[in-house]
Amino acid sequence: MKVDLTSSNPGLESIFKHPDQIITLDANFLIPPDRSKHAKYSFNFPKFKDVWLDPIFKAFPNLAIHEAVYDELVLPSVQFYIDEMFNGTPPRVIVHQDEALSEEEKVLRDSIEERIYPLTKYEPLLDNKEDRGEVKSLAYIAVKELLYFAAHDSNAIQLVEKAEEWTTGLDNVQAIKMYELIYYLYKLDIGDKKALRILYKYQYHLTPKEKQYNPEWGQFISGMDSLYSTVLDEN
């Protein structure tokens, strides 16, 4: 996945100002990445929890997932973690459930899903698991007029960022990328900065191809500082 340092993301700027907004997560924000074929190290769940999950749940009080994403969390350690967040007092994660939709909202949801699924690997008649979480999540948050969908999947992000061109019906949704929240945590000194640098390298600057088109850590931080200097000064 490419890192874009050509323009700022209004969604990230808004999150810097109001981190208590609802941010709906795709499954790949919760499942430890496995790029072991490219690296000598990997992120097992305890390491991923320390580096990524605990910091984002500390930074953002209103993280959410759709129930279809919960179904994708097949690793017992990840399920247990989310269950703990959901059963906390107060709950630390919101679970979007389709039964909460009104009849009118269900009609609108179905309409949006019909626009989205041909652009994914999800097939409603089969109700297969592939891309089911992102299709269900995006349709739900569009219907509920929620703003942010955080994902580490280029196709899911394009469904949002090319909403007008692809007529996905997601015009009011904004995509948040993992590298943007890595930067957020780094700048607000939430979590281990060295570990965040390692996570960035693991996700974006690992293969020879990624090293051709993505900036190394120092260039990344410098570029993001330039894009978000105004909002950082305000904070």
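The lining of the largest pocket divides into 8 nonpolar, 6 polar and 6 charged residues; Ala, Val, Leu, Ile, Met, Phe, Trp, Tyr, Cys and Pro count as nonpolar, Asp, Glu, Lys and Arg as charged, and the others, Gly among them, as polar. The model is predicted, so that local features need pLDDT of at least 70 and side-chain atom pairs count only at pLDDT 80 or more, while totals for chains, interfaces and linings use all residues. Residues are numbered from 1 along each chain as its sequence is written, and side-chain values use heavy atoms, with hydrogens and water left out.

**The largest pocket**

Select Asp 4, Ile 157, Glu 161, Lys 177 and Tyr 179: of the 20 lining residues, these are the closest to the centre of the largest pocket. A pocket is here an open set of points on a 1 Å grid over the protein atoms alone, where a 1.4 Å probe fits, with protein on both sides within 12 Å along at least five of seven lines; lining residues have an atom within 4 Å of a point. The volume is about 420 Å³, taken as the space filled by probe spheres set on the points, which are joined across faces, edges and corners. H7, strand S5 (174–177) and helix H9 (178–187) each give two or more residues to this lining, and H7 provides the largest share, 5 residues. Helices (H or I, at least four residues) and strands (E, at least two) are DSSP runs, numbered from the N terminus.

Select Glu 180 next, in helix H9. Glu 180 is buried, with a relative accessible area of 3%; buried means under 20%, exposed over 50%, and partly exposed in between (1.4 Å probe, protein chains only). Beyond four places in sequence, Glu 180 touches Asn 9, Leu 12, Ala 175, Met 224 and Tyr 228, contact meaning heavy atoms within 4.5 Å. Asn 9, in the segment before helix H1 (10–17), is also buried, at 10%. Among the contacts of Asn 9 are Gln 174, Ile 176 and Lys 177.

**Helix H12**

From Glu 180, go to Met 224: the two are 44 residues apart in sequence and 8.6 Å apart in space, C-alpha to C-alpha. Met 224 is one of the buried residues of helix H12 (residues 217–227), together with Trp 217, Phe 220, Ile 221 and Gly 223.

Now select residues 103–116, helix H5. Its 14 residues should span 20 Å at 1.5 Å a residue, and the end C-alpha atoms are 20 Å apart, which agrees; the expected span is 1.5 Å times one less than the number of residues. Arg 109, Ile 112, Glu 113 and Ile 116 are the buried residues of H5. Viewed down the axis of H5, they fall within an arc of 105 degrees, so they line one face of the helix. Glu 103, Glu 104, Val 107 and Glu 114 are exposed on the other side. The buried residues of H5 pack against helix H6 (132–143) and helix H7 (154–161).

In H6, select Ser 137, which is buried at a relative accessible area of 0%. Excluding neighbours within four places in sequence, Ser 137 is in contact with His 66, Val 69 and Phe 149.

Note on methods
The arc is that of the directions from the helix axis to the C-beta atoms.
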